[in-house]
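Visitor: I am new to this structure and would like to understand the terms used for it. Could you show it to me and take my questions one at a time?

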Amino acid sequence: MTAPKPDEPRRAPNPLGLIGLQGLPAADIRAFLLAASSIAHRAPDQLSTLLRGRIVANLFFEDSTRTRTSFTIAARRLGADVVDLQGSSSSVNKGETLIDTARNVEAMGVSALVVRARQSGAASGIASAVTIPVINAGDGRHEHPTQGLLDAYTIAESFDRQETFDLSGLTVGIIGDVAASRVARSNIAGLTSLGAKVVCIGPPSLVPASLHSLGARVTHNLDESISEIDAVMMLRIQFERYDAQDKKEDAHRGNVIPSVREFREMFALTRERAARLKPGAIVMHPGPINRGLEMDGCVADGPRSVILRQVRNGIAVRMAVLARACGVG
Ligand code: CP
């Protein structure tokens, strides 16, 4: 992304957009979750005309399976038309900036932009250059607010807190590559606002002490903490976000962790570790999962796993966010 030139207008982002959960009042986070809950309990025909005549544009400059599909389904269930622009086939490849791309799509009369990019701050930069609402679908290491909302929703659903979305008394463990994780940043903000305790666990290179300043506890020993956790959120190591000194796979991995075997021994959610979770504890993962690395396949598919419920809940959450963005929520 290129910042606007001095002669280009910068404006306050449209307040109906959603860039992040950091700094958002707890009441606003609860309002999104309550709206999603209301949507999840309404008949499809009560929802299917809410955004009729509107166009939602997905601008995805970085790969996605869940988020892009989920926003598309959410928009269509509300009656909107969807246009899908993927970075790999857009004029960004010819040197156009993300901001120029967004302005051109805005000029075609779309109602809201859903933006994913590998640059932290991209969604906010675009939101300052257009007049329509921008929804951040994940920007670099910064935030992934709808993932944070759907995770909070799934935890509340699992522990019967959907009336209030008050998560007091629950401890959520975020385990693995927290340093590179926008999901973790949105979750720490959202979950602590709703009253949960968040503990980040992993090696110091992936879970730095500075995460404490976001409101999370930091520890480097999963085995000592596992029995206190109500919801385990496993994260994959985002090898693509670390600079490789050379492009050989082993060297690339070596820049992040010294050895996959050692990482698994200390921090993976293996079958044996999962057996030591509290009764009633749930297992989460935002996806994509690297089976056999941060998590055993049998745990991902096991009885404690709510991973596919997270995906399902993402639709209602994104319907709520899109409806609000278009002024009908
Ligand atoms: N959770 C998530 O953001 O997945 P995708 O990268 O597939 O969208």
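This is a predicted model: local features need pLDDT of at least 70, side-chain atom pairs count only at pLDDT 80 or more; totals for chains, interfaces and linings use all residues.

Guide: Residues are numbered from 1 along each chain as its sequence is written, and side-chain values use heavy atoms, with hydrogens and water left out.

Visitor: Why are H1 and H6 called roughly perpendicular to each other?

Guide: Helices here are DSSP runs of H or I with at least four residues, and strands are runs of E with at least two, numbered from the N terminus. The axes of H1 (residues 26-40) and H6 come within 10 Å and cross at roughly 65 degrees, where axes are lines fitted to C-alpha atoms, for helices over the stretch in contact, and angles run from 0 to 180 degrees between N-to-C directions. Angles under 35 degrees count as roughly parallel, over 145 as roughly antiparallel, 65 to 115 as roughly perpendicular and the rest as oblique; H1 and H6 are therefore roughly perpendicular.

Visitor: Which residues of H1 and H6 meet?

Guide: Ile29, Phe32, Leu33, Ala36, Ser37 and Ala40 of H1 meet Leu149, Ala152 and Tyr153 of H6, contact meaning heavy atoms within 4.5 Å. By class this contact has eight nonpolar residues, one polar and no charged, with Ala, Val, Leu, Ile, Met, Phe, Trp, Tyr, Cys and Pro counted as nonpolar, Asp, Glu, Lys and Arg as charged, and the others, Gly among them, as polar.

Visitor: What makes H6 and H7 oblique to each other?

Guide: H6 and H7 (residues 182-193) pack at an angle of about 50 degrees, with their axes 8 Å apart, and H6 and H7 are therefore oblique. Pro145, Gln147, Gly148, Asp151, Ala152 and Ile155 of H6 meet Val183, Ser186, Asn187 and Leu191 of H7, a contact that divides into five nonpolar, four polar and one charged.

Visitor: How are H1 and H13 placed, roughly perpendicular or roughly parallel?

Guide: H1 and H13 pack at an angle of about 115 degrees, with their axes 8 Å apart, and are therefore roughly perpendicular to each other. Phe32, Ala35, Ala36, Ile39 and Ala40 of H1 make the contact with Ala316, Val317, Met319, Ala320, Val321 and Arg324 of H13, and the residues in it are ten nonpolar, no polar and one charged.

Visitor: How do you know what counts as a cavity and what counts as a pocket?

Guide: On a 1 Å grid over the protein atoms alone, a cavity is a set of points where a 1.4 Å probe fits but cannot get out, whereas a pocket is an open set with protein on both sides within 12 Å along at least five of seven lines, and lining residues have an atom within 4 Å of a point. The structure holds one cavity of 30 Å³ or more, and about 60 Å³ of space lies in the largest cavity, a volume being the space filled by probe spheres set on the points, which are joined across faces, edges and corners. Among the residues that line the largest cavity are Arg66, Gln147, Pro286 and Arg318, and H13 gives the most to this lining, with four residues.

Visitor: Which residues lie nearest the centre of the largest pocket?

Guide: The largest pocket has a volume of about 680 Å³ and is lined by 31 residues, of which Glu62, Asp63, Ser64, Arg116 and Arg182 lie nearest its centre. The lining of the largest pocket has eight nonpolar, 13 polar and ten charged residues, and H3 gives the most to it, with three residues.
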